[in-house]
Every structure is written in structure tokens, then in C-alpha cells.
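Please keep the structure open while reading.

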Amino acid sequence: GSEMCKETGYYVTNVDTEVTVFQKTGKIAVINNSAQAQHTELYIKGKCAYVLDLKPGEMRWVDDMEDR
């Protein structure tokens, strides 16, 4: 999977992580696809919204900043 959703303006900086946006609920899942802990930054519309340290295989739920 691609780590970047260019059409929606959401992306993460670490290729071992991916972002999934649930626009109906205003939630975003950031997933660590690797077997190691990963550091990643989540950008929304070109701005750094979250800086995350993810455990191996972790899925972290965060709020979509666009709704605020």
C-alpha cells in the first residue's frame, strides 16, 4: 500500500507506516506495517498534525484536524 493519499491531502513520512482516513467518523488510523517500532509524522493538508511513535504492528487512532 502507498503511504500517501495525495488526493485527500493525508500522508505519513515513514514508508513502513500507512494512513487510513474514515471521513464519516472524523477518525484517522495510522498503521505500523513493520515488525519494528517506527517513528512517523502525519501530515494533513500539508501541515504536520501528529508525531507518532508506533509499536510493531500497532494501529493508532487519531482525530482528523480538518473537522476542528
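**Salt bridges**

- Lysine 27 is partly exposed because its relative accessibility is 33%. (Buried means under 20% relative accessible area, exposed over 50%, and partly exposed in between, with a 1.4 Å probe and protein chains only.)
- This is a predicted model: local features need pLDDT of at least 70, side-chain atom pairs count only at pLDDT 80 or more, and totals for chains, interfaces and linings use all residues. Residues are numbered from 1 along each chain as its sequence is written, and side-chain values use heavy atoms, with hydrogens and water left out.
- The count of salt bridges is two. (A salt bridge is a side-chain nitrogen of Lys or Arg within 4 Å of a carboxyl oxygen of Asp or Glu.)
- Lysine 27 pairs with aspartate 63, and their closest N and O atoms are 2.6 Å apart.
- Lysine 27 sits in strand β4 (residues 27-32) and aspartate 63 in strand β7, so this bridge ties together parts 36 residues apart in sequence. (Strands, E, at least two residues, and helices, H or I, at least four, are DSSP runs numbered from the N terminus.)
- Aspartate 63 is partly exposed, at 31% relative accessibility.
- Arginine 60 bridges to glutamate 58, with the closest N and O atoms 2.9 Å apart.
- Arginine 60 is partly exposed at 25%, whereas glutamate 58 is buried at 17%.

**Aromatic pairs**

- The whole structure holds two aromatic pairs. (Rings of Phe, Tyr and Trp, the last by its six-membered ring, pair if their centres lie within 6.5 Å; planes under 30 degrees apart count as stacked, over 60 as edge-to-face and the rest as tilted.)
- Tyrosine 11 and tyrosine 43 are stacked, at 5.1 Å centre to centre and 5° between the planes.
- Tyrosine 11 is in strand β2 (residues 10-12) and tyrosine 43 in strand β5 (residues 38-44), so the pair links distant parts of the chain, 32 residues apart.
- Tyrosine 11 is partly exposed, at 25% relative accessibility.
- Phenylalanine 22 and tryptophan 61 have ring centres 5.3 Å apart and planes at 40°, so this pair is tilted.
- Phenylalanine 22 is in strand β3 (residues 17-22) and tryptophan 61 in strand β7, so the pair ties together parts 39 residues apart in sequence.

**Nonpolar surface patch**

- Phe22, Met59 and Trp61 form a nonpolar patch on the surface, with about 310 Å² of accessible area together. (Patches are made of residues with over 30% relative accessible area and no salt bridge: like charges are joined within 9 Å, and nonpolar side chains, Val, Leu, Ile, Met, Phe, Trp and Tyr, within 5 Å.)
- Phenylalanine 22 is partly exposed at 36%, and tryptophan 61 is partly exposed at 46%.
- Strand β7, which holds tryptophan 61, spans residues 59-63.

Key. Areas by Shrake-Rupley, 256 points an atom, 1.4 Å probe, with all protein chains shown as cover.
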